[in-house]
Amino acid sequence: MAEATYANPAQRIGRIKGQILKHAIHVSTIEGSGEIYKQPVKMGDTVVFRQVVPFGATAAAPNTFTTTAAAHLMQEGVTPPVDSIAVLDTTVVVQKYGALYGYTERQSSLGEDDVPSWMEEQLGERLGLVRELVYLGALQGATNRFYAGGTTRATVDETLSLNLMDRITRSLRGNHAQYQRELIKATGVYGSMAIQPSFLNYAHTDAQSDIEALPGYTALKDYGAQKPVHDLEIGAVGSHRFVLSADMPFVIDSGAAIGALGLKSTTGTLIDTYQLFTIAKDAWGHTAFRGLSAFNYNHIPVNKVDKSDPTGERGYCSATFYDAGVVTNHGWMAVTEFGVRALT
């Protein structure tokens with residue numbers, strides 16, 4: 001007699017979780033630029049991201065360090081002084097997120113559509129967006145800020161410019177930020193892919209025409225052998241590559257007075273301000289969101305009778321996950337607030 005195996009009968013929960021994860025990855029944009037911390041189970045809710053501070057720097061000022069060649073001169077027969085290393089720890093507490101859908105026995109018995117399967121797909125896309133918002137919330141807390149044409153959000157009165165991108169580059173390079181050279185693959189498994197060294201920039205799709213108008217802009221179709229970092233990448237300017245998503249944040253009516261500036265405004269009074277996230281290597285991190293264990297999925301069918309539903313009238317589909325994002329080096333990323341042209 002043949003034995004039952006993992007693959008036979010087929011694993012319905014494994015398939016469902018795989019589908020949910022597939023749809024969650026589909027809406028993911030900014031996740032690939034972060035450092036991954038694989039959170040072990042049963043190890044508490046606190047994650048510590050650790051970076052080694054360069055020699056001559058401190059944890060309080062990790063991007064400012066000095067040393068000299070003279071300090072490293074060796075004397076004949078003399079053992080050099082022993083040094084240690086300093087580390088910068090950034091702590092974050094993971095939080096739980098989830099969603100719940102319900103359907104009725106009548107729909108299950110008489111309806112023509114497989115509503116539970118639709119709910120599984122929606123759980124993936126919805127929680128993928130929730131995860132994106134968790135990460136964006138963390139990145140919005142970065143302290144290295146730039147404003148197009150102003151010094152605060154309320155004074156923003158320009159679009160992105162080459163000079164502004166050069167200022168961002170100077171800031172990151174001055175803080176010894178390194179180019180991104182690999183990204184998390186857009187799949188449900190752990191792994192990374194090599195990319196052309198660059199700073200990665202994430203912004204709203206409304207900014208596309210302004211980015212394409214920047215001097216020196218190179219469209220994705222002109223990359224040649226260079227691989228795109230994401231399906232939503234549109235092109236590059238110098239060492240900056242741009243990925244656009246309609247889920248990136250903007251704040252309506254929060255900039256300078258619209259006047260005759262020709263910038264987009266929801267009400268025609270103040271400029272809508274958008275945010276550009278420029279990210280270097282190891283600027284931020286998040287806990288793992290890969291593999292079937294990323295989700296805790298539950299499906300309570302309509303025929304599950306208990307004291308809360310004694311006639312089996314209701315069914316539920318739900319999914320939950322734990323996650324957190326945190327900026328680990330504020331000098332290695334930048335948040336830029338800017339306006340976009342009004343298109344008429």
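R145 sits in strand β5, which covers residues 145-147; strands here are DSSP runs of E with at least two residues, helices are runs of H or I with at least four, and both are numbered from the N terminus. Keep in mind that you are looking at a predicted model, where local features need pLDDT of at least 70, side-chain atom pairs count only at pLDDT 80 or more, and totals for chains, interfaces and linings use all residues. Residues are numbered from 1 along each chain as its sequence is written, and side-chain values use heavy atoms, with hydrogens and water left out.

Leaving aside residues up to four places away in sequence, R145 touches Q140, Q275, V335 and E337, where contact means heavy atoms within 4.5 Å. With the side chain of E337, the side chain of R145 makes a polar contact at 3.1 Å. A polar atom of the R145 side chain also lies 2.8 Å from the backbone oxygen of Q140. (A polar contact is a pair of N or O atoms within 3.5 Å; within protein, one must be able to donate a hydrogen and the other to accept it, and residues adjacent in sequence count only if both atoms are side-chain atoms.)

Now step from R145 to I168: they are 23 residues apart in sequence, and their C-alpha atoms are 9.1 Å apart in space. I168 is one of the buried residues of α4, along with L164, M165, T169, S171 and L172. Looking down the axis of α4, you would find these buried residues within an arc of 165 degrees, so they line one face of the helix; the arc is that of the directions from the helix axis to the C-beta atoms. The face turned away from the buried side carries the exposed residues N163 and R170. Helix α4 itself, residues 162-174, has 13 residues and reaches 18 Å from first C-alpha to last, close to the 18 Å expected; the expected span is 1.5 Å times one less than the number of residues.

H176 lies in the loop between α4 and β6 (180-184).

Next, the sheets. Five bridges join β14 to β15 (residues 314-323), and I300 stands opposite Y316 in β15.

Another open sheet has three strands in the order β1-β13-β16, with mixed pairing. Three bridges join β1 to β13 (residues 284-287), and these two run parallel. Here, too, you will find α3: it lies across β13 and β16, running at about 20 degrees to β16.

Definitions and conventions
Buried means under 20% relative accessible area, exposed over 50%, partly exposed in between (1.4 Å probe, protein chains only). Two strands pair if DSSP finds at least two bridges between them. Axes are lines fitted to C-alpha atoms, for helices over the stretch in contact, and angles run from 0 to 180 degrees between N-to-C directions.
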